[in-house]
Amino acid sequence: MSKLPYERPVIQRLNTGSMNKFGTRTEYAPVTHIENVSVKSLISEFGSPLFVISENKIRQLYSDVTRAFKTRYPRVQFAWSYKTNYMNAVCNVFHQLGSWAEVVSGFEYNKALKNGVPGSKIIFNGPDKTDDELTLAIRNDSLIHIDHLDELYRIIELAVELKKRPKVAIRVNMDVGIYPMWDRFGFNYENGQAWDAINKIILTDKIDLVGLHAHIGTFMLSPQAYGVAASKLADLAYHTKIKFEKNIEYIDLGGGFASKNTLKGSYLKGSDSSPSFDDYAEAISTALLNAEYTKEHMPLLILESGRALIDEAGFLLGTVIANKRLSDGRRSTILDFGVNILFTAFWYDHKISPAQDFSHYTEDTVLYGPLCMNIDVVRENVTLPPMKKGDQVVVHTVGAYNMTQWMQFISLRPNIVLIDTNGKTHLIRAKESLDTLNSQERMPAHLSSFKL
Amino acid sequence: MKKRKINIAVTGLNNIDSPGPGIPVIRALRDSKKFDVRIIGLSYETLEPGLYMHDLVDKSYQVPFPSAGTEALLERLRYIHSVEKIDVIIPNFDAELQNFIKLEETLKKEMGISMFLPTHDQFEERHKANLMEFGKQHGIQVPFGKMIFSTAEIPSLTKDFTYPVVVKGKYYDASVAYNPEQVATYFNKLSAKWGLPIIIQQYVFGSEVNVTAIGDGKGNAIGAVPMRKQYITDKGKAWAGISLDDEKLVSIANKLLASSKWRGGMELEFIKSAAGEYFLLEINPRFPAWVYLAVGCGQNHPEALVLMALGEKVKPFKEYEKGKLFVRYSYDLIVDLKEFETISTLGEL
Amino acid sequence: MWHLFTKSFFNMKIRKNIAVSDSGFIFNPSTGDSFSTNPIGLEIIQMLKEEKSKEEMRKTILQKYQVDEATFEKDFYDFVSMLHQTQIISQDEEKKN
């Protein structure tokens with residue numbers, strides 16, 4: 001007689017008020033494949049933990065967002081937000097799809113240039129741009145988004161020195177009815193700072209004001225706020241036209257669209273409560289179409305969406321290191337990845353699926369990372385089947401920010417693999433080794449040897 | 001006339017001291033002269049009394065909590081439907097409505113299950129924080145209100161308000177404050193519990209009156225019965241209430257149903273000021289727990305809702321009996337452990 | 001490794017009045033708490049009720065399921081500690097013994 005499959009014995013108190021298991025199977029249904037490639041084979045070839053990016057998913061999200069906007073507004077341009085995920089392979093998928101580049105530092109700027117993005121299709125944002133970086137951007141005809149007056153004056157000086165008219169936009173902050181209001185970036189709309197800056201730029205006549213930019217926040221769950229922002233920028237553009245007979249070429253509404261992740265503390269699932277691309281597109285296009293433009297002068301609408309276009313395309317595969325019982329009786333499971341590479345675990349309840357089949361018995365579990373740090377918690381409470389050492393898991397919706405905000409703290413950064421549209425896997429960033437770290441270090445001679 | 005057989009799934013079986021509307025809705029359906037109903041109870045917890053009321057509920061199933069998401073709910077409903085052949089679902093909880101609204105089309109297309117819910121936009125615009133805007137749009141008086149995000153905004157409240165004011169949490173809870181210090185205290189309490197913003201609303205002196213109403217989604221008011229609470233529990237719930245003869249209130253309710261094209265059942269909470277003006281305080285996007293009073297007064301709103309869900313035209317109710325009382329009571333069911341075991345381990349009973 | 005489970009480590013006498021059903025539903029009439037367990041958990045609890053020896057339990061499970069001795073030992077230890085925590089194994093009876 002063949003033996004029955006084994007499962008760890010579990011006992012769970014029947015509490016009223018706690019999550020009942022009936023119908024929640026979708027939450028912990030096994031995910032054994034990503035884009036038809038088995039999790040097992042990915043881990044055996046590339047190791048664990050492992051980031052996996054689905055090119056299919058990126059292309060699908062991009063086509064969804066462009067359909068939503070282009071069917072509602074005639075002129076739309078996307079610019080890939082490098083800080084969200086600047087793996088060159090990822091950037092180039094977006095560039096192949098027609099995205100410009102949106103960067104917030106000199107190193108990102110150069111990354112975009114090296115990827116082959118023409119300087120005139122790079123949007124340079126952020127409060128910190130050095131003279132060298134500004135000079136390069138001016139020479140390349142890049143779109144420089146001015147954050148503060150100090151920067152504005154410096155650009156005017158550089159324009160004179162370089163004998164070239166820089167193309168600029170100003171970043172505007174405003175009250176769009178949401179809290180907290182992001183008023184630390186750019187010039188304020190309500191108190192007239194933004195209008196002042198526009199006047200200064202145009203009256204100086206040394207630089208070209210080509211656009212207006214606003215980035216109202218992040219993970220915005222209210223599409224209407226974008227409608228308000230679009231109206232206010234359109235209003236500034238209209239007054240510029242009236243006073244100076246000058247057309248503003250583009251309106252850039254930044255990024256901030258929510259992905260399908262579930263924010264901590266939110267009652268409903270992100271997949272149910274996050275607005276759709278159509279919701280955002282409707283609010284923005286309605287505001288712009290209702291603004292005071294003639295048909296020929298409709299500005300180009302630029303969007304810098306990052307998170308919403310890459311989050312769902314990213315997966316993190318990992319392995320169970322151990323199970324432990326906490327002093328209060330809760331089950332805890334230690335995984336081989338933690339907040340060092342899954343930074344977003346700080347603000348999302350990431351969906352986590354087992355990568356192998358289980359019976360329908362479950363346990364409430366705390367998921368910990370491998371760091372010897374108390375903050376290293378992947379999920380504070382999740383219902384999962386009883387997993388054992390060596391079992392594998394899939395974390396969903398991790399494509400945004402993790403591969404840029406990760407750190408080599410305690411353990412090093414793992415491999416990143418891209419699955420292309422034919423299901424072929426490509427290593428797009430090799431895991432770090434001790435040499436990666438040591439190659440950057442220098443040893444003073446007097447410290448080079450010791451005896452113990 | 002032979003009654004039509006129909007399978008109706010109902011949530012909100014928590015007929016406890018602060019009851020959900022499920023059991024009253026079921027009683028209304030059982031009173032129907034048109035339908036011979038089989039009731040399928042949908043419960044979230046294992047101790048919802050309706051689970052054990054076998055004379056009212058024929059069969060019950062546990063469903064995943066709203067926070068588990070629509071995908072989990074849909075999968076569970078697929079299973080329940082495969083056994084029960086559900087014709088109509090009547091959700092009765094605020095917290096679950098968004099998920100059901102999201103699934104309305106899928107349930108209809110995939111399983112032929114009908115519902116009759118407010119649209120997503122209607123559901124959103126009646127939120128507490130949006131009520132001022134709602135009032136403006138539909139010509140209904142709403143006490144002046146303002147959202148605040150910081151205690152720094154409290155001193156300047158006197159520009160817009162005269163004390164006392166009502167300090168309200170984002171989702172629940174409200175307290176009356178008579179001075180800025182009290183506003184600050186409630187601000188801190190409520191924001192710690194529900195987050196920001198905090199809603200400040202002008203306090204209106206008067207008596208609270210409520211309406212249970214139903215609209216056909218095309219601007220027709222199908223029914224509206226006004227009620228004043230006679231006796232209130234410590235949670236502010238009606239323990240007893242009486243149907244009112246108040247044409248003005250009914251006409252305000254009808255106007256709101258018409259202007260908002262409200263689809264489905266709703267409860268409206270008003271304050272009637274000393275001067276006889278009505279101020280809308282809150283809209284609940286579903287039947288109230290006291291909806292059975294409407295049945296007692298001659299308007300069977302749940303039955304009308306089922307008819308409309310099935311795509312049938314319903315004639316508006318013209319009359320209701322005034323001066324009818326409801327008196328709520330609690331009742332201790334004796335339940336065998338076996339039943340608790342069954343619902344706990346199998347998820348059905 | 002089995003020797004780790006010495007009598008001094010913990011008592012394994014299940015409360016006499018614990019009700020266990022085939023569905024894995026467990027009711028503790030002394031505390032009013034109810035629990036659910038999976039089939040292996042149920043099997044172990046039933047063996048504990050029948051006062052089977054550890055050796056007998058070990059043999060039964062290893063014969064019946066695809067599990068190695070070390071894994072089962074670890075899980076068994078954890079499970080029995082949970083039975084203590086949930087008061088399905090009684091502290092009082094421990095003292096009596």
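Select P164(B), which sits in the loop between strand 5 (145-148) and strand 6 of chain B. The model on screen is predicted. The peptide bond from Y163(B) to P164(B) is cis, with omega near 0 degrees. Most peptide bonds are trans.

**Strand 6 of chain B**

Step forward to strand 6, residues 165-168 of chain B. Which of its faces are covered? Both are. V165(B) and V167(B) are buried on one side, and V166(B) and K168(B) are buried on the other.

For a landmark, pick V167(B) and look across to S175(B) in strand 7 of chain B, which stands opposite. The two strands form a hairpin, with 5 residues between them. Stop at D173(B) in the turn, where phi is positive, about 75 degrees.

Then show strand 8, residues 198-202 of chain B. Strand 8 of chain B also runs antiparallel to strand 6 of chain B, again with 4 bridges. Here the landmark is K168(B), opposite I199(B) in strand 8 of chain B.

**Domains of chain B**

Zoom out and color chain B by domain. The assignment gives domain 1 as 4-114 + 332-346 and domain 2 as 144-202.

Next, select A304(B), in helix 9 (residues 301-309) of chain B. Is A304(B) buried or exposed? A304(B) is buried, because 24 other C-beta atoms lie within 10 Å. Setting aside its neighbours within four places in sequence, look for its contacts: I214(B), I222(B), G223(B) and V314(B). A304(B) and L29(B) are 275 residues apart in sequence, yet 9.6 Å apart in space, C-alpha to C-alpha.

Bring up chain C, with 97 residues. Its secondary structure comes to 4 helices and 4 strands. Trace the elements from the N terminus: β-β-β-α-α-β-α-α. Buried residues make up 31% of the chain. Take the contacts in chain C between residues at least 6 apart in sequence: 55% of them join residues at least 24 apart.

How many residues of chain B are in contact with chain C? There are 5, and they meet 7 residues of chain C. The chain B side of this contact divides into 2 nonpolar, 2 polar and 1 charged.

**Domains of chain A**

Move to chain A. Color domain 1 (25-52 + 312-431) and domain 2 (55-311) separately. Their C-alpha centres lie 33 Å apart. The contact between them takes 21 residues from domain 1 of chain A and 22 residues from domain 2 of chain A.

Stay on the domain 1 side. Helix 13 (402-405), strand 21 (416-419) and strand 22 (425-429) of chain A each supply at least two residues there. Which element gives the most? Strand 21 of chain A does, with 3 residues. By class, this side of domain 1 has 10 nonpolar, 6 polar and 5 charged residues.

**Backbone stops in chain A**

- Go to P49(A), in the loop between helix 2 (39-46) and strand 5 (50-54) of chain A. The peptide bond from S48(A) to P49(A) is cis, with omega near 0 degrees.
- Go to F219(A), in the loop between strand 12 (208-213) and helix 9 (223-244) of chain A. F219(A) is not a glycine, but has a positive phi of about 50 degrees. F219(A) counts as partly exposed, because 17 C-beta neighbours lie inside 10 Å.
- Go to E245(A), in the loop between helix 9 and strand 13 (250-252) of chain A. Its phi is positive too, about 55 degrees, although E245(A) is not a glycine. Is E245(A) buried or exposed? E245(A) is exposed, because 7 other C-beta atoms lie within 10 Å.

Technical notes:
Residues are numbered from 1 along each chain as its sequence is written. Chains are lettered from A and ligands numbered from 1 in the order in which they are written. This is a predicted model: local features need pLDDT of at least 70, side-chain atom pairs count only at pLDDT 80 or more; totals for chains, interfaces and linings use all residues. A residue is buried if 20 or more other C-beta atoms lie within 10 Å of its own, exposed if 12 or fewer, and partly exposed in between; C-beta atoms are placed from the backbone. Two residues are in contact if their C-beta atoms, placed from the backbone, lie within 7 Å. Ala, Val, Leu, Ile, Met, Phe, Trp, Tyr, Cys and Pro count as nonpolar, Asp, Glu, Lys and Arg as charged, and the others, Gly among them, as polar. Domain bounds come from an automatic or database domain assignment. Two strands pair if DSSP finds at least two bridges between them.
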